[in-house]
Amino acid sequence: MMDLDTLKFDDRGLIPAIVQDADTGKVLTLAYMNRESLKISLEKKLTCFWSRSRQELWLKGETSGNYQHIVELRADCDKDALLVRVRKDGPACHLGTDSCFDGNPIYESEED
């Protein structure tokens, strides 16, 4: 088990968290955690983030019912980003899509 004190939070006290579907490997979203939201996530085994726009904690699914159940949480090699593998109860995106990255691509290679 990793010591959370070794994580590198930015100057605002945040660390990026890439959320991935544990079954499909699909990237669901990129959100940010602070120390408190990370502790809540570990205690509840549900994703909890820090909303940069609202400046408040955000337990994913609390209002929508679309909870994300944590299967695995790990830090990258530099300990400045997190990968959160989840099983989700519904859409990951507030727009109702499976992933926040389901929109139109900015770039897509024409090669197969």
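Just past helix 1, Lys45 adopts a positive phi of about 60°. Helices here are DSSP runs of H or I with at least four residues, strands are runs of E with at least two, and both are numbered from the N terminus. The model is a predicted one, so local features need pLDDT of at least 70 and side-chain atom pairs count only at pLDDT 80 or more, while totals for chains, interfaces and linings use all residues. Residues are numbered from 1 along each chain as its sequence is written, and side-chain values use heavy atoms, with hydrogens and water left out.

At the other end of helix 1 sits a cap. Asn34 caps the N-terminal end, with a side-chain oxygen 3.2 Å from the backbone nitrogen of Glu36. Within the helix (residues 35-44), Ser37, Leu38, Ile40 and Ser41 are buried, that is, under 20% relative accessible area with a 1.4 Å probe and protein chains only. These four share one side of helix 1 because they cover an arc of only 160° around the axis, judged by the directions from the helix axis to the C-beta atoms. An α-helix has 3.6 residues a turn, so residues three or four places apart point the same way. As for what they touch, the buried residues of helix 1 pack against strand 2 (27-33), strand 3 (48-51), strand 4 (56-59), strand 5 and strand 6, a contact being heavy atoms within 4.5 Å.

Strands 5 and 6 also pair up with each other. Strand 5 (residues 68-75) runs antiparallel to strand 6 (residues 82-88), and seven bridges join them; pairing asks for at least two DSSP bridges between two strands. One of the residues involved is His69, whose bridge partner in strand 6 is Arg87. The two strands make a hairpin with six residues between them, and in the turn Lys79 has a positive phi of about 60°.

After strand 6 the chain reaches His94. This histidine is exposed, at a relative accessible area of 75%, where exposed means over 50%. From the C-alpha atom of His94 to that of Ile70, 24 residues away along the chain, the separation is 19 Å.

Stepping back, the protein has one helix and six strands, in the order β-β-α-β-β-β-β from the N terminus on. Its radius of gyration is 14 Å, close to the 13 Å that the globule rule gives for 112 residues, so the protein is as compact as a globular protein of that length. That radius is taken over C-alpha atoms, and the rule is 2.2 Å times the number of residues to the power 0.38. Buried residues make up 35% of the 112.

How values were computed: Polar contact = N/O pair within 3.5 Å; in protein donor to acceptor, adjacent residues only side chain to side chain.
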